[in-house]
Amino acid sequence: MTSRIPRDSRLRLVRPRPLAAAPSAVNERRPRRPAPRPPEGTPAPAELARMARSGLAAAARVARWADNALGPGRDAATTDGKATLSDPTAERAAADLGLTVDRIRADWDTARLAGLVEVHGDSARPGWRLRAWDRDDSAVLRGWVALFDAWSLASPEPGDQEPAAVAEVVSAMPQVLSFLQLSAGPVPVEQLLDLLRQRVTELRTERCEVPYNAGAEPATPLAPVLAADADPAEPAQDAELAPLLDWALHALAAVGALTCGAGQATLTPLGNWAVWVKLEQICVAAQSPAGNIEQSAEGMLRGCAQLRPNAARSEYRAWLAARTVGSAVTELLLAARGDDALLRGLAFEALRVVGAPAEPDVRAVVDEPALRPYALLWLAEHDGIDPEDAHEVLTREEATWLWVDTAAAVADHGEAPMLVRHLESALQPTVPALLTEVRAVGHPRTVQVLVALAAAHPDPALAKAVRRAAFQVHTGGS
């Protein structure tokens, strides 16, 4: 009796479909929001990038000095035992660049806020934006927007003001900036002060509609604090806000977002563009197609699992727009480390939407076995390799591990025919070769994948061979 197991089961080499594209029941015919246009008169991106480079030139100069003088293998890096801007390092930089120590420290702080320098404990390294500074306008603009977002850190806050009052003004300034942007011209500071007063009063009312422990006699140690904030809903007064508004306007002017003079404030072209970008992000977040903005990364990815690629990307953009880049990337990588292989793939699809700002974090997980193939593909595409060719950066073992991981996602969330089609995307030319290499890579879901594949495949002989391989992996036999 002749065995029905094929001796040479050739597999067609096809590119696997993205998992997010598997379900066909979702109707993606929904109105598309036209691409937003910047306000009339906004300079072209290349001109905005030129302005940003000019404003951050001093910070980039200090960052490059640090890269050259404090990099690994330089003698200078051992002078003070660390690569942060300690006193000896600041003095050396001042001497090398012909600047004062105070100027060096100010430019160093700006470089850190703009992402030109990344400090990790006692060591510093150049940020990805510094590497792309001369060739990538988007990297320059992202760096300037990061500095714009951190305007309250770029200038020391008034020492004679209550921290709570400073925090209120910082929280209220987005509305003031939006008013400046919509005004499209100089606005009297008195008018901004009136708007700031209204917004701070609203914040106080929203924060404490009913005073906590009303009527109770405060303990002596807390009396001064409670006395200073006895009525959180009390309307803000111009006298207390005027010096804080002055500080905020000058801090924003220091980062190049606006100009102040003759009792008026005007957004610069960069500031006008940045505020418009922030308003657009809010609009995008408000138009989440599937309503997952408030979900955790894992919840959002599960919500996107049944969406087609375009709809999923729209959801990723909305979710990302409602968060800072750093926290969003951290959440996505945490979801990718879980047991669900589908979420792992979708997390890296969302990281593709993040783009260049995610590069340092993606590069940092390359040594994690479960994430390595995904990270290598992401980095290859980020470096400009065509997505169709990106798989060539993987070793045979890494590609096989990814095949098993994808099969696990299909087994958990897809349909049997899809799992059978996934078999055709394997690199190995024969089923026996595939089974041998699958067993060798040691993926933790190997047994479950092989059992699911055996149950789904219509060829009894091939299914029997796959089932036998699953049993051998389970028992550790050969």
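This is a predicted model: local features need pLDDT of at least 70, side-chain atom pairs count only at pLDDT 80 or more; totals for chains, interfaces and linings use all residues.
View 1. If you are looking for disulfides, the count comes to zero; a pair would need its cysteine sulfur atoms within 2.5 Å.

**View 2. An open sheet of three strands, in the order E3-E5-E4.** Pairing here is antiparallel. In general, strands of a sheet pair through backbone hydrogen bonds, either parallel or antiparallel.

**View 3. Where E3 meets E5, and the helix that packs on the sheet.** Strand E5 covers residues 264-267 and is joined to E3 by two bridges, with the two strands running antiparallel. Look for Pro188, whose bridge partner in E5 is Gln264. Helix H8 (residues 163-183) packs on the sheet and touches E3, E4 and E5. The direction of H8 makes about 80° with that of E5.

**View 4. Helices H15 and H16 side by side, their axes coming within 8 Å.** H15 spans residues 325-336 and H16 spans residues 341-354; their axes cross at roughly 160°. This makes the pair roughly antiparallel, because the angle is over 145 degrees. The crossing of H15 past H16 is left-handed. On the H15 side, the contacting residues include Val325, Val329, Leu332 and Leu333. They belong to a set that meets H16 residues, among them Leu343, Arg344, Phe348 and Val354.

How values were computed:
Residues are numbered from 1 along each chain as its sequence is written. Side-chain values use heavy atoms; hydrogens and water are left out. Two strands pair if DSSP finds at least two bridges between them. Helices (H or I, at least four residues) and strands (E, at least two) are DSSP runs, numbered from the N terminus. Contact means heavy atoms within 4.5 Å. Axes are lines fitted to C-alpha atoms, for helices over the stretch in contact, and angles run from 0 to 180 degrees between N-to-C directions. Angles under 35 degrees count as roughly parallel, over 145 as roughly antiparallel, 65 to 115 as roughly perpendicular and the rest as oblique. A crossing is left-handed if the near helix is turned anticlockwise from the far one by less than a right angle, and right-handed if clockwise.
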